[in-house]
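Here are my notes on this one, as numbered points. Have the structure open while you read them.

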Amino acid sequence: GQDRRVDVLPHETLAMTLRYKLGLTGTKLGCDRAECGACTLLIDDVPHYGCSMLTQQVRGRAVTTIEGLENADTGQLHPVQQAVVQEGGFQCAFCAPGFIMAMVGMLNTNPNPTREQAAHALSGNLCRCGDYEKILNSAMRAAEVARMA
């Protein structure tokens, strides 16, 4: 919800800029090769890996990180965040921000996914702990919570 101006190097990735220049540490750096999904964020409401995009590519576009999901005025969590809390969806939670952003992107295009559709939509994200069952439960709960909101 804020315009941010920052000087970047020509080869600087969006994930690096967010974490180290803007202090938005919710975007995690996992593999740094677009394989794990820990750096997933939304660009114009579509999920992207922050480690595989140059910061310069997003000039003038809407970038949403995990920090931007909460309602700034009320402090209310996004429906996906609420669902994850309700379901206890993650063990170590290193992957949680990336999965949550992928869930938000999924629900932007499919507000009523089947479990199989959710699994497919989240297949670009990896969980070190292997808690995929709880993560999928969270995704399905998120769809319910979002429909009620």
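1. Let's begin with E35, which at 46% relative accessibility counts as partly exposed (buried means under 20% relative accessible area, exposed over 50%, and partly exposed in between, with a 1.4 Å probe and protein chains only). E35 forms a salt bridge with R33, and the closest N and O atoms are 3.2 Å apart. R33 has a relative accessible area of 57%, so R33 is exposed. A salt bridge here is a side-chain nitrogen of Lys or Arg within 4 Å of a carboxyl oxygen of Asp or Glu.

2. A word on the model before going further. It is a predicted one, where local features need pLDDT of at least 70 and side-chain atom pairs count only at pLDDT 80 or more, while totals for chains, interfaces and linings use all residues. Residues are numbered from 1 along each chain as its sequence is written, and side-chain values use heavy atoms, leaving out hydrogens and water.

3. How many salt bridges does the structure hold? There are 7 salt bridges, and another one to look at joins the side chains of R61 and D44, at 3.0 Å from N to O. R61 sits in the loop between β2 (46–49) and β3 (63–64) and D44 in the loop between β1 (40–43) and β2, so this pair ties together parts that are 17 residues apart in sequence. Helices (H or I, at least four residues) and strands (E, at least two) are DSSP runs, numbered from the N terminus. R61 is partly exposed, at 36% relative accessible area, and D44 is partly exposed as well, at 37%.

4. Now for helix α5. R141 forms a salt bridge with E144, with 3.5 Å between the closest N and O atoms. Both R141 and E144 lie in α5, 3 residues apart, which is about one turn of the helix. R141 counts as partly exposed at 27% relative accessibility, and E144 counts as partly exposed at 36%. E87 joins in too: E87, R141 and E144 are linked in a network of salt bridges.

5. On to helix packing. Two packed helices are described by the angle between their axes and the distance between the axes. For helix α2 (residues 79–87) and helix α3 (residues 96–109), the axes come within 9 Å and cross at roughly 125 degrees, which makes α2 oblique to α3. The axes are lines fitted to C-alpha atoms, for helices over the stretch in contact, and angles run from 0 to 180 degrees between N-to-C directions. Angles under 35 degrees count as roughly parallel, over 145 as roughly antiparallel, 65 to 115 as roughly perpendicular, and the rest as oblique.

6. Which residues of α2 and α3 meet? V80, Q81 and V84 in α2 meet I100, M103, V104 and L107 in α3 (contact means heavy atoms within 4.5 Å). By class, this contact of α2 with α3 has 6 nonpolar, 1 polar and no charged residues. Ala, Val, Leu, Ile, Met, Phe, Trp, Tyr, Cys and Pro count as nonpolar, Asp, Glu, Lys and Arg as charged, and the others, Gly among them, as polar.

7. Next, α2 against α5: they pack at an angle of about 130 degrees, with their axes 8 Å apart. That makes α2 oblique to α5. P79, V80, Q82, A83, V84, Q86 and E87 in α2 meet N137, S138, R141, A142, V145 and A146 in α5. The class count for the contact of α2 with α5 is 7 nonpolar, 4 polar and 2 charged residues.

8. F99, M103, M106 and L107 in α3 meet Y132, I135, S138, A139, A142, A143 and A146 in α5, a contact with 10 nonpolar, 1 polar and no charged residues.

9. Is S138 buried or exposed? S138, placed in helix α5 (residues 132–148), counts as buried because its relative accessibility is 0%. Leaving aside neighbours within four places in sequence, S138 is in contact with A83, V84, E87, G89 and M103.

10. Last, α2 itself. Its buried residues are P79, V80, Q81, A83 and V84, and what covers the buried residues of α2 includes α3 and α5. After α2 comes G88, whose phi is positive, near 60 degrees.
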